[in-house]
Amino acid sequence: MARAEEARGREDWKTMRMDLGLGVKASIGFGTGSVAVCVALGASAPADTSKRRPNIVFLMADDQQAFALGYAGNKDVKTPNIDKLASRGLVFDRCYSTSPICMPARATVMTGMYEFKTGCNFGTGGVNEKVWRSCGYPVLLKKSGYMVGFAGKWGIRTEGGFEYAKTFDMWGGFDGFGQGSYETGRNSSLRKYADRYPHVTKALAAFAVDFIAAAVKSGKPFCLSISFKAPHKPHRFFEKDTEGLYDGVVFQRRGNYGEEYRRILPSQASLGRQFAQWGEWAPEVFQEHMVRYCRLVSGVDIAVGMITDALKRYGVAEDTVVIFTSDNGYALGSHGFQGKCLPYEEQSRIPLVIVAPGSGCAGKRTDALVANIDFAPTILDFAGVPKPAAMDGVSLKPLLMDRNAKLHNDIMLIQNWGTGKCDFNKTLAVVSDRWKYIFWPYGDKNINPSEELYNLTDDPLEVDNLVKRNANPEVLARMRRVYGKDLDLWKSECVESYRSFGTLFDRGVSWREKRFHGPGRKFVTPELYLKVVGKPPPPGVFSKKRGGEGKRK
């Protein structure tokens with residue numbers, strides 16, 4: 001029975017492989033943990049859900065570029081199961097990660113708050129227990145009667161050592177807040193799946209099947225959050241089922257791919273890991289690297305198929321809201337960059353599909369401006385749980401009824417991470433329905449703080465910075481005001497540890513009055529600075545102490 005379940009969930013994959021002349025090499029079947037639950041429960045009819053609140057399955061990939069999915073129009077990547085979700089749900093074409101890097105993005109997803117209110121990022125701090133208890137959507141759902149489960153990459157630093165895993169009725173999270181491993185057996189809470197599923201992506205799907213079976217037996221509504229590791233680096237451990245899938249595929253590059261499009265950006269954008277690691281996506285390795293990245297993407301797709309098939313098998317598919325997204329995007333060589341963090345579209349835009357059976361929006365799309373601050377409020381709204389006042393996001397449910405509804409005037413995009421706390425390429429941006437404004441605060445004797453303004457309707461690849469040619473001065477003035485308004489919100493509501501960043505991002509404070517953190521680790525070197533700026537760094541900029549000429553207030 002279990003083997004048949006996985007086989008049914010992968011029929012599209014069989015067809016695709018046959019169409020490509022690859023044959024079918026998948027090893028199918030469930031792990032012993034799944035089998036034990038299925039035998040215990042049998043094929044019993046699902047609990048009566050006619051008067052129940054909907055179940056919720058939240059699926060989040062890691063480093064999934066919004067444009068690297070089949071339903072997004074990419075003909076190179078193979079994602080039939082995620083594409084099926086898109087055909088059954090509402091596709092959000094303008095969803096952003098407000099802090100496009102793992103840790104702060106995940107804290108925002110769980111709490112519905114901007115980074116400056118969670119205080120969570122690498123090197124800045126973690127989520128405290130009070131915030132988790134008052135705004136963590138799994139906590140609030142459990143209090144309201146939901147069975148809650150989590151598996152995969154937790155990725156959130158917490159303060160005070162509180163045991164967040166005990167929030168959940170079933171826990172399959174990676175150890176600590178680190179990256180976890182693609183090797184299932186190296187993740188202690190998932191070890192029982194290692195023999196059947198040595199790659200962690202399908203092991204997470206097996207956990208999900210177990211959870212769904214147990215939740216159906218409990219009779220409670222449930223919320224399952226699966227946080228995949230893929231397609232995060234290292235891009236060298238793959239599901240065997242994806243072997244040969246991309247043989248012969250010639251991947252198309254986005255129109256802003258390459259170093260020529262990096263050189264048109266402010267220098268600050270290149271003074272970070274994103275340009276330092278550009279060689280991983282350089283022309284001579286692009287095709288081979290895309291194969292590896294997309295094999296991980298397709299592994300997630302297989303797991304999504306296993307999970308959605310389990311919902312059908314246990315008779316709860318029509319009673320379950322399914323959400324698919326990612327923590328952040330990924331450059332894949334666009335603008336000559338590797339990785340994430342920066343506010344450009346490839347790195348800050350994220351996929352979002354919401355399948356809500358009976359909503360009437362199957363196969364439809366919306367270009368409404370939304371963000372990951374909205375995920376927790378949306379999940380709570382589906383469950384009928386009031387949204388805490390501290391949350392910055394709003395429920396996306398109105399868009400299921402009116403795809404043209406306007407929920408946000410603008411969204412903040414925060415890049416507050418640097419190796420060794422380096423401030424060189426930290427930035428704050430605001431994006432509206434049509435415009436994106438970016439402010440780069442770092443300055444020294446060679447570099448002035450910089451601004452960018454893009455018309456995303458006419459220039460979706462962000463290659464025409466209107467500030468450089470003094471175009472649209474009225475729009476620039478307006479977006480500066482929007483930026484100032486959002487920074488005022490930061491200053492008034494941020495945690496104590498983020499007050500200094502309010503000064504860092506303040507356009508009204510000269511760079512000479514600020515005190516910047518210089519590089520404390522690899523990537524940003526004097527050689528990189530010289531390559532980007534064309535001049536050697538001023539004295540003191542690369543000292544172990546803080547660089548800059550003034551003092552950060």
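1. Start with Tyr246, which sits in the loop between β6 (222-227) and α10 (267-270). Helices here are DSSP runs of H or I with at least four residues, strands are E runs of at least two, and both are numbered from the N terminus. This is a predicted model, where local features need pLDDT of at least 70, side-chain atom pairs count only at pLDDT 80 or more, and totals for chains, interfaces and linings use all residues. Residues are numbered from 1 along each chain as its sequence is written, and side-chain values use heavy atoms, with hydrogens and water left out.

2. Tyr246 has a relative accessible area of 3%, so it is buried (under 20% is buried, over 50% exposed, in between partly exposed; 1.4 Å probe, protein chains only). Skipping residues up to four places away in sequence, Tyr246 touches Asp76, Val77, Lys78, Phe251, Val291, Cys294, Arg295 and Ser298, a contact being heavy atoms within 4.5 Å. Tyr246 and Arg292 are 46 residues apart in sequence, with their C-alpha atoms 9.0 Å apart in space.

3. On the cysteines: Cys294 comes out at 1% relative accessibility, so it counts as buried. Cys494 is buried too, at 6%. The structure holds zero disulfides, meaning pairs of cysteine sulfur atoms within 2.5 Å.

4. Now α9 (residues 200-218) against α12: the angle is about 10° and the axes are 9 Å apart. Axes are lines fitted to C-alpha atoms, for helices over the stretch in contact, and angles run from 0 to 180 degrees between N-to-C directions. That makes α9 roughly parallel to α12 (under 35 degrees is roughly parallel, over 145 roughly antiparallel, 65 to 115 roughly perpendicular, the rest oblique). Residues in this contact include Ala205, Val209 and Ile212 of α9 and Ala303, Ile307 and Leu311 of α12.

5. Helix α4 (residues 80-88) meets α12 (residues 283-313) at about 55°, with axes 7 Å apart, so α4 is oblique to α12. Pro80, Asn81, Ile82 and Leu85 of α4 make the contact with Asp301, Ile302, Val304, Gly305 and Thr308 of α12.

6. Last, the cores, each a set of buried Ala, Val, Leu, Ile, Met, Phe, Trp, Tyr and Cys residues joined through side-chain atoms within 4.5 Å. The largest nonpolar core has 124 residues, and Ile212, Ile226 and Trp490 have the most contacts inside it. Helix α12 supplies the largest share of this core, 14 residues. Apart from it lies another core of 50 residues, including Ile56, Val127, Cys223 and Leu380.
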